[in-house]
Amino acid sequence: MNMLSRKTSQDSHGQDSSYFLGWQEYEKNRYHPIQNPMGIIQMGLAENQLSFDLLKSWLRRNPDIVGLKKNGVSIFKELALFQDYHGLPALKNELVEFMEKIRGNEMKFAPEKLVLTAGATPANEILMFCLADPGEAFILPTPYYPGFDRDLKWRTGVEIVPMHCSSSNGFRITSSALERAYKQAQKMNLNVKGVLVTNPSNPLGVTMTKTELNYLVNFAIDKNIHIISDEIYSGTVFAPPKFVSIMEVVNERISDNNIWNRIHIVYSLSKDLGIPGFRVGMIYSNNEKVVSAATKMSSFGLVSSQTQYLVANLLMDKKFTFKYMEETQRRLKRRKEMLVSGLRNAGILCLKSNAGLFCWVDMRHLLSSATFEAEKELWIKILCHAGLNISPGSSCHCCEPGWFRVCFANMSEDTLKIAMERMKTFTDSTNSAVKGSNNSY
Ligand SMILES: Cc1ncc(COP(=O)(O)O)c(C=O)c1O
């Protein structure tokens, strides 16, 4: 007799994917400039470490906040006892203003439509619990963030139907690809409850166009389904075109029946502020029932009150957050350019990008054959011979072998330079020819 639940016994969590295997290798042999200069450089982690100096100097200038004081008086007891799952009103007010600012103050957000969650991970899962029953499905454009297999499916029993996008149009969403995925779901007898997109995209590093967003809205109206837009990278847009949120597009089309109630945004401070360990995320929804149920569900993973207090005060300092965002975007742009030119020097091209903490890199010409086996072979060679942990496209469910996600914001500039030198040595040794494409530099 099995003593444990099926979920515990079966390995449906997804941690055996190559995405995680690369991390394990990295953990065994981490690069360090002095202690382990031959170690593996982690380029598979979408972490934003570029502006820690600014955050640290803010903390130094605000010892009272860090010491849990308000106007010089300790509020420790108040915070220690606080466990209202509606969250601190001050934090919710600041978060909506921050979201408005990132969207160029072109739209208004209301704090009562916001649900605080411990990061975007539970936000996405909670939305699955609110919008779909076990065995129902969400369509996701590929390539997508590998964590979604765990976050959306594992505990909820919801299914993902991949919608395959192709390099021929830079992996953009099209109406026909949406329709194809819907038909595929029908063939599999799956009831589609919605589409989930990541805008700006992880792993592509691009913002969605208004045309794509309108295709999506048309599709959701036509099929009477939901749209979840994971906008966790919305503050990382470092080059035009500017970020357009799904909310903005729907705002312009308010006359379109009740689609308004079926649009839900996921956001967190993990990427834009670079504080994933603080676990501050949210759901923003126009649907009162969803907000109410999600708020109750959020009690299973609240953001601790001292974190709420610290982050509320950080965001309240508008001069700081404005400067922080501007400077971070400037630094991201510089890093991305370093990566693109370093790879170009190694004969490797990237999809043209304007956001995110990574590039979507075309290594099709380095494959021994156009197969996923060859992609895995190349990935292992890069991991073991070049000492770089990057993420193979197959872990993002990309349908074309030879694409890889390479992160650039979780290391120092010096480490990035070494990574690029290693890549050049690697490609020189494989002696392959470069093939270009219209969507690449
Ligand atoms: C698209 C996307 N959604 C959600 C997450 C998870 O974010 P969090 O740390 O806020 O849970 C990530 C992290 O990489 C991500 O890329």
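Reader: In β15, which residue is the bridge partner of Ser391?

Author: The partner of Ser391 is Arg405 of β15. This is a predicted model, in which local features need pLDDT of at least 70, side-chain atom pairs count only at pLDDT 80 or more, and totals for chains, interfaces and linings use all residues. Residues are numbered from 1 along each chain as its sequence is written.

Reader: In what sense do β14 and β15 pair, and over how many bridges?

Author: β14 and β15 (residues 403-407) pair in the antiparallel sense over two bridges. Two strands pair if DSSP finds at least two bridges between them. Strands are DSSP runs (E, at least two residues) and helices likewise (H or I, at least four), numbered from the N terminus.

Reader: What is the strand order of the open sheet?

Author: The order is β11-β12-β15-β14, with antiparallel pairing. The edge strands, each pairing on one side only, are β11 (349-350) and β14 (391-392).

Reader: Turning to helices, at what angle do α15 and α17 pack?

Author: The angle between α15 (residues 318-345) and α17 (residues 413-430) is about 20°, and their axes are 8 Å apart. Axes are lines fitted to C-alpha atoms, for helices over the stretch in contact, and angles run from 0 to 180 degrees between N-to-C directions. The two helices are therefore roughly parallel, a term for angles under 35 degrees.

Reader: Which residues of α17 make the contact?

Author: They are Glu413, Leu416, Met420, Met423 and Lys424; α15 contributes residues including Arg335 and Met338. Contact requires C-beta atoms, placed from the backbone, within 7 Å.

Terms used. Parallel < 35°, antiparallel > 145°, perpendicular 65-115°, else oblique. Contact = placed C-beta atoms within 7 Å.
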